[in-house]
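Here is a short briefing for someone meeting this structure for the first time. Look over the sequence and the model, then read the points below.

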Amino acid sequence: MDVFEKLTTYDYEQLVFCQDKFAGLKAIIAIHDTTLGPALGGCRMWTYASEEEAITDALRLARGMTYKAAAAGLNLGGGKTVVIGDPHKDKSEALFRALGRFIEGLHGRYITAEDVGTTVSDMDVIHMETRFVTGVSQAYGSSGNPSPMTALGVFRGLQAAVKEVFGSDDLAGKTVAIQGLGSVGYALAQSLHRVGSKLIVTDISKDSVARAVAEFGAQAVEPDEIFHVQADVLAPCALGAIVNDQTINRLRVQIIAGSANNQLAEERHGDRLHELGILYAPDYVINAGGLINVADELEGYHADRARNKVEGIYDIMLRLFAISKEHGIPTYKAADRLAEARIEKLKQVRSTFLPTSRSLLTHR
Ligand code: NAD
């Protein structure tokens, strides 16, 4: 594997290999771009089949974080850690403390958080070694469970999409089909019910479906039927790659707006949605509420301030719909443009001399 070729393709800044034999740590920290600020991104623990697979995942996820933070208007760059190991068998205090020391060694260029395979208590262990970690226990002043904020962001993004398509963001009487009634999907259903939307729901958990039927008067359908129901909006809140060759031509909605990551199986499916006239709310923009919330910890967590920023997903979404229309491009491409434009503009801010010790050194 040619690592530098991989790094130059999308202009990554840094790839850090962390090893501690006695702690059993093998981890990779990828930092994509820190133009806007320190790279923030979760720590994923996974049984990768090969080192190459782990590197590729770290790089892909780190770059995704650059775009997500930039589009959300945060002063953060993109990074990610992957720990090679089985989260059910290979965790130990020593492992996460060793990782914490490597993160501390980056002096704040990278800040970690929970991700697939890691938990709040793992972050607490990392926190014993470094300040550069978010998503620790609330006792340490953290922001707590991100899902309600993610759901709020999805609700606001969905309102913006409805405004774009129907001319008003009023969700009363609109029919929303929700796939997945977990932490985000259930909270979204609750908000939509409160404003008078009609709900069609599905989940592989029969109990979750029964609860939504009882509490919100939702209509229940089988998991494989949700893509083909007649509704105004499809809100995918369960799995990735749900817009694919099997589902796309049978969709009977005008909008797709939900929390799931990587909703398009391939980019061409985003192009096809554009051709079909189905408005797609790009996943990494509409589901940024959790990231916005956790990023607020860096300034001393303030719930109302975080909530206000999450509400801003409404305006961001309208802006990217405008870019999509102006340039005749699909919305997923408009989201990338919005993020790239912000990074490029801030790169060009004049490097005026600042009389700090660091700039004195660099101007010598
Ligand atoms: P969750 O695990 O709490 O809920 C997922 C729900 O989907 C579960 O109820 C599960 O039973 C259901 N499900 C799984 N497979 C299904 C299928 N085939 N058909 C129907 N339902 C199915 O997860 P969550 O935290 O609510 O997150 C939902 C999605 O949003 C995930 O894709 C996640 O990556 C993404 N996301 C979540 C957050 C957050 O803050 N929680 C932030 C960003 C993105």
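**The chain at a glance**

Of the 364 residues in the protein chain, 52% count as buried. The model is a predicted one. The chain holds 14 helices and 12 strands.

**Size and packing**

- The radius of gyration of the protein chain is 21 Å.
- A compact globule of 364 residues would have a radius of gyration near 21 Å, so the chain agrees with that expectation.
- The C-alpha trace spans about 60 × 50 × 45 Å along its principal axes.
- Take the contacts between residues at least 6 apart in sequence: 63% of them join residues at least 24 apart.

**Surface and charge**

- The accessible surface of the protein chain is about 17300 Å².
- Carbon and sulfur atoms account for 50% of that surface.
- The chain carries 38 positive and 45 negative side chains.
- The centres of these two sets of side chains lie 4 Å apart.

**A closer look at Thr247**

- Thr247 sits in a loop.
- That loop runs between strand S10 (233–236) and strand S11 (255–256).
- Is Thr247 buried or exposed? Its relative accessible area is 6%, and buried means under 20%, so Thr247 is buried.
- Which residues does Thr247 contact, leaving aside its neighbours within four places in sequence? They are Phe227, His228 and Ile242.

Definitions and conventions: Residues are numbered from 1 along each chain as its sequence is written. This is a predicted model: local features need pLDDT of at least 70, side-chain atom pairs count only at pLDDT 80 or more; totals for chains, interfaces and linings use all residues. Side-chain values use heavy atoms; hydrogens and water are left out. Helices (H or I, at least four residues) and strands (E, at least two) are DSSP runs, numbered from the N terminus. Buried means under 20% relative accessible area, exposed over 50%, partly exposed in between (1.4 Å probe, protein chains only). Contact means heavy atoms within 4.5 Å. The radius of gyration is taken over C-alpha atoms; the globule rule is 2.2 Å times the number of residues to the power 0.38. Accessible areas come from the Shrake-Rupley method with a 1.4 Å probe; for residues, only the protein chains shown count as cover. Lys and Arg count as positive and Asp and Glu as negative; His and the chain ends are not counted. The place of a charge is taken as NZ of Lys, CZ of Arg, CG of Asp or CD of Glu.
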